Amino acid sequence: MPHLRRRAVVAFVSAFAVTTGTFAAAANGVQRRSAVDCTEYQHTFEMPFSGGAVVMDYVVSDDTFRARLTRQGTGWVGLAVPEDPNCMNCMKNSDAVIGVPGGVPGGSVLKYDLESYMVDGVVPMEASMQTLLETSVEENEFFTIVTFAKKLKEDGENGINGNGPNTFLWAMGPEGLRGQLAYHTLKGKFQLDLTPCDVATTSPEAESPNMPVLDMTGATLDDDGPPVTSAAGTATTPGILRGGIIKLTAVCSLFLTYFM
């Protein structure tokens, strides 16, 4: 009964084709809006040339740039915005936020004018311009952690683009130095695209929430939360079909061998 065998094979392949199409639709189907807390840091960035010694967590929301700088060891750490984003020698005329442990109870987080390449050219801005919010300096035997919130645009200061490309500088001071600035031991320049945090983010969802997931090649349909950015700058978006495409070749070959 060759014709019956062929019909069985066709029916089997067709059924699997429908199933595969359903899973493709699940991966690219209905868009779901899931809540995001924009008061929390949404991204992590490892400073280039730091060898992992300095990491920044950040979020842009309400026209404000919120950041947490974590450096290895005890000492000052800072982030700066240059006057010219296309600069080569960028330090002079940059505006910096620098956190210094010790010196005063709880340390200090202040805005500075970088007037020259020397330490005495790093000058705190006048009191009326010290508008940072949510500042803190924490330290232990392993790390120094500096937090701050800064308005994207402020009169008389180099602005931050909250929805596009930026050039930033970073630097850290000598290990074990507390209560004062000194010449940096590590520094770097980098470009970073910022995007405003949305109170809801979009992620794919299966058209049928109760539809079971066919797992033949390790594929799973999961939804772990909002997109995040790793320290290497790699964006990952949960809620997608992971593990590859379900293939029918091997299964169909078995059925062809059996029926034919």
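**View 1. Glutamate 157 and its salt bridge with lysine 150 in the predicted model.** Glutamate 157 has a relative accessibility of 12% and therefore counts as buried, the cut-off being under 20%. Its salt-bridge partner in this view is lysine 150, and the closest N and O atoms of the two are 3.2 Å apart. Lysine 150 is buried as well, with a relative accessible area of 7%. Through shared partners, salt bridges join Lys111, Lys150, Glu154 and Glu157 into one network.

**View 2. Lysine 111 and glutamate 157.** The side chains of these two residues meet in a salt bridge, with 2.6 Å from N to O. Lysine 111 belongs to strand S7, which covers residues 108–114, whereas glutamate 157 sits in the loop between strand S10 (143–151) and strand S11 (164–172); the pair therefore ties together parts that are 46 residues apart in sequence. Both lysine 111 and glutamate 157 are buried.

**View 3. Arginine 178 and glutamate 139.** A salt bridge connects arginine 178 with glutamate 139, and their closest N and O atoms are 2.6 Å apart. Arginine 178 lies in the loop between S11 and strand S12 (186–194), and glutamate 139 lies in strand S9 (residues 133–139). The pair thus links distant parts of the chain, 39 residues apart. Arginine 178 counts as partly exposed because its relative accessibility is 44%, which falls between the limits of 20% and 50%. Glutamate 139 also counts as partly exposed, at 33% relative accessibility. A search of the whole structure finds 8 salt bridges, including the one between arginine 178 and glutamate 139 shown here.

**View 4. Asparagine 93 and its surroundings.** Asparagine 93 is located in the loop between strand S5 (77–81) and strand S6 (94–100). With a relative accessibility of 40%, asparagine 93 counts as partly exposed. Apart from neighbours within four places in sequence, the residues in contact with asparagine 93 are Glu83, Leu114 and Asn158. Proline 82 is 11 residues away from asparagine 93 along the chain, and the C-alpha atoms of the two are separated by 6.6 Å.

Terms used
Residues numbered from 1 in each chain as written. Predicted model: local features only at pLDDT ≥ 70, side-chain atom pairs only at ≥ 80, totals over all residues. Heavy atoms only, no water. Helix = DSSP H or I, 4+ residues; strand = E, 2+ residues; numbered from the N terminus. Buried < 20%, exposed > 50% of the residue type's maximum accessible area, 1.4 Å probe, protein only. Contact = heavy atoms within 4.5 Å. Salt bridge = Lys/Arg side-chain N within 4 Å of Asp/Glu carboxyl O.
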